[in-house]
Amino acid sequence: MDPSRPPLGRGSFLSSSVHAATALLLLLVLLATLLRLPISITPRAPAPAGLADQRSQDPQQQAGCDPASPLDCADPRLFHLMMRRAIDAFPAVHFARFGRPVPGDPPSSSCDMAWRARSDSDDPSKATTKDYRRFAVARDPRTCAYSVLSIGEYHSGPNARKPRRAATNATIAPPPPPALSRSQFTRGSYLAYLGGGDRCKPMPHYLRSLLCALAEARYLNRTLVLDLTLCLAASYAAAGTGGMPEEGKRLAFYVDVDHLNSQVPIIEQSQFWADWDRWGVQGQLRARLVEDTRIPPVKFSKVRDTLIVRKFGDVEPGNYWYNVCEGEAKGVLRPMRRVIQWAPSLMHIVDDIVSRMQPDFDSVHIDANGEDLRRRVEEGLNAGRQVYVAGEGVNSALVEALKAKLTVHHLDEFEDLWGTDSKWFLEMRRLNGGVPVEFDGYMREVVDREVFLRGKKKAEVLRIIQGGLPKPDD
C-alpha cells in the first residue's frame, strides 16, 4: 500500500456519497423541467413548546378558533396553565388548594379562579386565606393555543367566589383607592389590629371595639389600618335567610366613613398590606408586635417603628378589641362617640320620614309587650297628637288600637323610601358595585331610633333596646 495515499475511511465514503446524491438530484430536476412537473419542498414546522402554546387536538379547532366565543374555562390544559402562572407570579405564596376556573367577564377572554394560600410572613399554624383572581386569557386564532396575559389584583375574580348562605347583601367591592407612592407610605406611621373575636357580633359590640381602636390610633398619632368590610350577627338578617351571620357588609352602609377619616386617619386594610408587601417586608421599614391587650399604649407611645401591630388571640372574651381601653389604659384612652356619624344614605331616609309628618310630632319607643301596653303608651302622650311609634314592640294590632286616640305613624308605612326604585336603593347599589343591598335589621334600628329622637315629646315604654344604640351626637 502506498503510504502517501490516505486510507479509505468514513470521510471518503461520505464525500463520494454526497457527489452521487448531488448528481442524482440534478438529474431529477432536469427530468422534472422537461416534463413540466411542479417542484415543492415543504419543511416540517417545529412542534410548539410549553403549555402556553399547546396545540388543540380537536381537528375542528385546528381549522380555526373564534376569539369571540366563550372560553372553556373547564379545559384541564387551561386550568394547569393558570395554576402554573399563579405559582410563578407569586413566589412568596405557598398555595394549598386551587378551585376550578369559571368564566370571567367578558367570558370570551377571561377566567376567574380561587385559591387558598399562605404567604411567607403568615404564621404557619394559622389557617390559609382565600383569594380569587381574574386571569386575562388569549387564544391563537389558528392553533387555539392558550396564553395567560395577566393576573388581576386581590379579589379581582368575584365569579369564583363561593357564595355564603344567607349572604343576600354580598359585596363586590368598588375599586380600591390609588396606592400610595413609596415616599408617601414610608413617611406615615400606622397601627393595625389583627384577629380578635369581634366579627359577626351585634353592631353595638363592633362599634364599641371600633371606637377603642380609633381612640388608641388618635392617642398614638397613627393611621389606623382598618378592614372596611363587616360580618353582622344573624339577628339583623332578613326573615327566611337561614339565620346565619352575614359577611360582605361594608362599613359605609352604616357609618359616614368620610367623616370618620376626617377625625382619625384610616387606611383600608387591603391597600395597606399591598403597600407593605412592596416596601415593608423587604426590611426597609420596621414593625413592632404587641400580643398582650393589657399593655397600655403609653408603653410604646414614643417608638419610631413604622408599624405597630396589636395581635389578638382566639379565646373570647379576652380577644375583644375594646379590652385595650380597659385597665391601666382607661385613663388615657377615652372613646369619642362623636367620630361615629350615621351614613348619609340612612339620614336621608330619616329626613324624608320627618318631612312627611307634621313638624310638631311626638314619639314613643316601645320594647315591651302585654295587654297593658296601649294604656302605658296613651298615658305618656296627649290625645289627638301625631305620634311616631318606634321599637321592636311595635305590631299591627298595637298600631290599630292606638289609632282610636292618636294619629299614629310607624316605620313600615315609609318602606317606599328604600324600595327598588328609591334614591337609597340606587345609591347603595352603586356603592356596592352594582349588587343590590338589603335594608337590613340594623339599618331599620338606626332609622327608627333617629326618627324617634326627632319627636318634640319623647316617651320610653319599659326598657330600651337591650344593649342600646350608640348615639352619634354624644
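Visitor: Is V332 buried, exposed or partly exposed?
Guide: V332 is partly exposed, because its relative accessible area is 32%. Buried means under 20% relative accessible area, exposed means over 50%, and partly exposed lies in between (1.4 Å probe, protein chains only). Please note that this is a predicted model, in which local features need pLDDT of at least 70 and side-chain atom pairs count only at pLDDT 80 or more, while totals for chains, interfaces and linings use all residues. Residues are numbered from 1 along each chain as its sequence is written, and side-chain values use heavy atoms, with hydrogens and water left out.

Visitor: Where does V332 lie?
Guide: V332 is in the loop between β12 and α8 (344–356). Helices (H or I, at least four residues) and strands (E, at least two) are DSSP runs, numbered from the N terminus.

Visitor: Which strands make up the open sheet, and in what order?
Guide: The open sheet has five strands in the order β10-β7-β6-β12-β11, with parallel pairing. Two strands pair if DSSP finds at least two bridges between them.

Visitor: Why is one side of β10 and of β11 left without a neighbour in the sheet?
Guide: β10 (266–268) and β11 (287–290) stand at the edges and each has a single partner strand, so one side of each has no neighbour in the sheet.

Visitor: How do β6 and β7 meet?
Guide: Strand β6 (residues 190–194) and strand β7 (residues 223–226) run parallel and are joined by three bridges. L191 stands opposite L224 in β7.

Visitor: Which helix packs on the sheet there?
Guide: Helix α5 (residues 203–220) does, touching β6, β7, β10 and β12 (307–311). Contact means heavy atoms within 4.5 Å. The direction of α5 makes about 155° with that of β6. Axes are lines fitted to C-alpha atoms, for helices over the stretch in contact, and angles run from 0 to 180 degrees between N-to-C directions.

Visitor: Are the faces of β7 covered or open?
Guide: Both are covered: T223 and V225 on one side are buried, as are L224 and L226 on the other.

Visitor: Changing topic, how many residues of β14 are buried?
Guide: Five of the five residues in strand β14 (residues 386–390) are buried. Q386, Y388 and A390 point one way, and V387 and V389 the other.

Visitor: What pairs with β14?
Guide: Strand β13 (residues 362–366) pairs with β14 in the parallel sense over four bridges, and V389 is the bridge partner of V364. Strand β15 (residues 407–410) also pairs with β14 in the parallel sense over four bridges; there, V389 stands opposite H410.
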